[in-house]
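Here is my note on the model you sent. Please keep the sequence and the 3D view open while you read. The points run from the whole chain down to single residues.

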Amino acid sequence: LIFIDDYFNCLTVGSVMRPITDKHQVSRAKLAYLIDATAAPICIIAPISSWAAAVAGFAEEGQGLNLFIRAIPYNFYALFTIVMMVGMVLMNVEFGSMAKFEKNAVEKGDLFSGPNPYAMLDEEIDESKGKVIDLVVPIVVLVICCVIGMIYSGGFFSGEDFISAFSNSDASVGLMLGSAFGLVFAFIYYFVRKAMTFKEMMGCIPEGFKAMVPAILILTFAWSLKGMTDSLGAKYFVRDFVQSSAAGMQMFLPVIVFVIGCLLAFATGTSWGTFGILIPIVQNVFSMDNPLAIICISACMAGAVCGDHCSPISDTTIMASAGAQCDHVNHVSTQLPYAISCAVISGITYIIAGLLAFAGLPGLIALPIGVVLMLGFLVVMKNRQH
C-alpha cells in the first residue's frame, strides 16, 4: 500500500512489521526480503510514485508518463517478483540459504541465525498506552504530507496541473517536507493523547538517527562508486553495443536490454542511473510506434529493478536491511537466489515477448506464460522441500 517511494516503504514497513513478525517467528532475513520485494518492484509499476517521476524525467519531452503507463504490463521482473512473493507465502516455499534462516527462526526462535547487529537499540517499551490508531493516524498524515510535498516541489501551487507537478517533482524535497510535517504532527498527536512523554519523544530522535548511520555510510560509498562509473563512460559503451545489436537481432533486443540493465544496476547499485543511461538509448534505437519499443523500455526498467534488487550496494537493499534491522550481508545472501530465479524467468519471458512482437503478434501473450512458469517453478521447489 505504501507505493509512493521505495525508501519510505522500506523504513515504514520495517518499523511497523518487526514486532509482529518477531512474535510469529519470522526470521529478520525473510522480513527484509519481503520489504525489499514490496519496495522497488511496486514503485516501478505505480504511476503515482517518485519512480514514475524519475522515469518520466529520463524520457523524451512529453512522453514520460505515457511511456511509463504503457510499459507497466511488460515489466515482467516486477510483476513476477510480486507473484513469486505471494506464491511463496501462500505455498510456504523456502529454498537457498533463506530456508536455513527460517528453520532456525521456527524451531529455535533464533530470528537472526547469528548475532543481532541492532541489539543496542532493543529496549523494553511500555506498550500499555498504545492503540492501533496511534500507528495509523501518524502514517496516514505522513503519506498525505509526502504527496503534498512532492506536488509542491513540482509547482502544483504555482499553477501546474497535478500530473505535470508530479512528473516534475523532486522526490527528495517532497519527502523531506512531508517527513518534517509528519514528525511535528506525531509529536503534537502523542502529546495530546498522552501516549508518550516529551522526554521519550525526544529520546527517539537520536536513537532513530543512530539506527540509520550504517545505511547512510554505505549509501555514501555507493553513490561515490556510481559517480566513478559514470565518469569512466559506461553509457557510451552500452549505447554502441545496443545499437550494433539492433541490426540483426531485433527480436532478442528486449532480453539483451534486460541483461544489460541488470548488470549496470548491479554494478553501480542505482536503478535510476540505469534508467538515465538506457531509456534514451532505446528511444533512439526504435520509433515509439514499433511494438518492440515499449517492450524494450519495460526491459530497461525491469533490468534496473532486478540489478538494484540483487546488488549489495543498492540503496533500496540497504534500506530494506535497515528497516528490518537485519544483518546486511545476510539479507543479500538470502535474497539473491530468489532474485536470480525471478530474473531467469523474466529473461525467458522477454525472449518470448520479443519473438511475438517481431512476428506481429501481441507481446502481452508472454505475461501469462511467464506467470505459469513462475508458479511451476515454485511447485517444483515445494516438492524438493519434501
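1. **Contacts along the chain.** Contact means heavy atoms within 4.5 Å. Take the contacts in the protein chain between residues at least 6 apart in sequence: 75% of them join residues at least 24 apart. This is a predicted model; local features need pLDDT of at least 70, side-chain atom pairs count only at pLDDT 80 or more, and totals for chains, interfaces and linings use all residues. Residues are numbered from 1 along each chain as its sequence is written, and side-chain values use heavy atoms, with hydrogens and water left out.

2. **Overall make-up.** The protein chain has 18 helices and zero strands. Helices (H or I, at least four residues) and strands (E, at least two) are DSSP runs, numbered from the N terminus. Of the 386 residues, 49% count as buried. Buried means under 20% relative accessible area, exposed means over 50%, and partly exposed is in between (1.4 Å probe, protein chains only).

3. **The core.** How many residues does the largest nonpolar core have? It has 75. Ile 44, Tyr 77, Met 84 and Phe 258 have the most contacts inside it. Helix 15 (residues 291–310) gives the largest share of this core, 13 residues. A nonpolar core is a set of buried Ala, Val, Leu, Ile, Met, Phe, Trp, Tyr and Cys residues joined through side-chain atoms within 4.5 Å.

4. **Tyr 77.** Look at its partners, leaving aside neighbours within four places in sequence. Tyr 77 is in contact with Phe 258, Ala 302, Val 305, Cys 306 and His 309, and also with Ala 339, Cys 342, Ala 343 and Ser 346.

5. **Cysteines.** A disulfide is a covalent bond between the sulfur atoms of two cysteines. Here the rule is a pair of cysteine sulfur atoms within 2.5 Å. The count comes to zero disulfides. Cys 10 is in no disulfide; the nearest cysteine sulfur belongs to Cys 43, 8.2 Å away. Cys 43 is in no disulfide either, and its nearest cysteine sulfur is that of Cys 10. Cys 10 is buried, at 0% relative accessible area. Cys 43 is buried too, at 0%.

6. **A helix crossing.** The axes of helix 7 (residues 97–108) and helix 17 (residues 328–358) come within 8 Å and cross at roughly 125 degrees. Axes are lines fitted to C-alpha atoms, for helices over the stretch in contact, and angles run from 0 to 180 degrees between N-to-C directions. The two helices are therefore oblique to each other. Angles under 35 degrees count as roughly parallel, over 145 as roughly antiparallel, 65 to 115 as roughly perpendicular and the rest as oblique.

7. **Who makes that contact?** Helix 7 brings Ser 97, Met 98 and Phe 101, while helix 17 brings Asn 330, Ser 333, Thr 334 and Tyr 338. By class, there are three nonpolar, four polar and no charged residues. Ala, Val, Leu, Ile, Met, Phe, Trp, Tyr, Cys and Pro count as nonpolar, Asp, Glu, Lys and Arg as charged, and the others, Gly among them, as polar.

8. **Helix 2.** Is helix 2 (residues 28–37) largely enclosed or open? Nine of its 10 residues are buried, so helix 2 is largely enclosed by the rest of the structure. Among the buried ones are Arg 28, Lys 30 and Asp 36.

9. **Positive phi.** Most residues other than glycine have a negative phi. Asn 92 has a positive phi, near 55 degrees. Asn 92 sits in the loop between helix 6 (76–91) and helix 7, and is exposed at 52% relative accessible area. Lys 194 has a positive phi of about 60 degrees and is not a glycine. Its place is the loop between helix 10 (171–193) and helix 11 (198–231). Lys 194 is exposed, at 66% relative accessibility.

10. **Gly 109.** This residue lies in the loop between helix 7 and helix 8. Gly 109 is partly exposed, at 39% relative accessibility. Gly 109 and Gln 25 are 84 residues apart along the chain, yet their C-alpha atoms are separated by 6.3 Å. Not counting residues up to four places away in sequence, Gly 109 touches Gln 25 and Asn 104.
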